[in-house]
Amino acid sequence: MTHSDPGVDAWKEHTSAFDRVRSVAQTVSEPRSVSWIAEKAAVSENTARGHLRRLVEMNVLLTFDRDGRTTYAPDPLHTRHQTLRELLDEYDHEGLIALKESLQTQIETWRGEYGVAAPEELRTLAADTETAEETATVRRTANDWALTEYRLSIVEEAIDNYTTYSRRGTASA
């Protein structure tokens, strides 16, 4: 494996192999093989395999069997908890409510603009568009809408449990 890309060289210089493997594996949109992750993380397959095994043990990744080969993808429960923690670190209770309002406004705008109630209905509309550009726009909006609904659900969980989840450093020995 040779990488002469200056960006990859700098990434290798400033991050550990474990961090590169974790970074690649946590951002895949579909389960990927050890060899695919190793190439993207600029590590050997043996190194990637060991780090991926550890990430599975830490409940960061899930394994899948694809045609007799093990593949890896982010554990959605871990990803949700990580996003929840990031929201609580970034926003106070009022900030979370403002974020909820912003997300709801975006969803209401899409409902009004397209005259549908959900992203699945919008995807159905993509089949009836007349140009490739219009189809791509509708599909992209449907994906953005689904992601916004997901993020809204996490924000609402953060608001509902703010007092419990935001207690930091209050545990006594």
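In this predicted model, the axes of helix α3 (residues 34–41) and helix α4 (residues 45–57) come within 9 Å and cross at roughly 105°. Axes here are lines fitted to C-alpha atoms, for helices over the stretch in contact, with angles running from 0 to 180 degrees between N-to-C directions. The two helices α3 and α4 are therefore roughly perpendicular, a term for angles of 65 to 115 degrees. Val34, Ser35, Ile37 and Ala38 of α3 meet Glu45, Ala48, Arg49 and Leu52 of α4, contact being heavy atoms within 4.5 Å. Five nonpolar, one polar and two charged residues make up this contact of α3 with α4.

Local features need pLDDT of at least 70, and side-chain atom pairs count only at pLDDT 80 or more. Residues are numbered from 1 along each chain, and side-chain values use heavy atoms, leaving out hydrogens and water.

Turning to the strands, β2 (residues 61–66) and β3 (residues 69–74) pair in the antiparallel sense over six bridges, where pairing requires at least two bridges found by DSSP. Leu61 stands opposite Pro74 in β3. Two residues lie between the strands of this hairpin, and Asp67 takes a positive phi near 55°. Strand β1 (residues 32–33) also pairs with β3 in the antiparallel sense, over two bridges, and Ser33 stands opposite Thr71.

Thr83 is found in helix α5 (residues 76–90). Thr83 is buried, with a relative accessible area of 16%, buried meaning under 20% with a 1.4 Å probe and protein chains only. A polar atom of the Thr83 side chain lies 2.9 Å from the backbone oxygen of Thr79. Leaving aside residues up to four places away in sequence, Thr83 touches Arg151 and Ile154.

Definitions and conventions
Helix = DSSP H or I, 4+ residues; strand = E, 2+ residues; numbered from the N terminus. Parallel < 35°, antiparallel > 145°, perpendicular 65-115°, else oblique. Nonpolar A, V, L, I, M, F, W, Y, C, P; charged D, E, K, R; others polar. Buried < 20%, exposed > 50% of the residue type's maximum accessible area, 1.4 Å probe, protein only. Polar contact = N/O pair within 3.5 Å; in protein donor to acceptor, adjacent residues only side chain to side chain.
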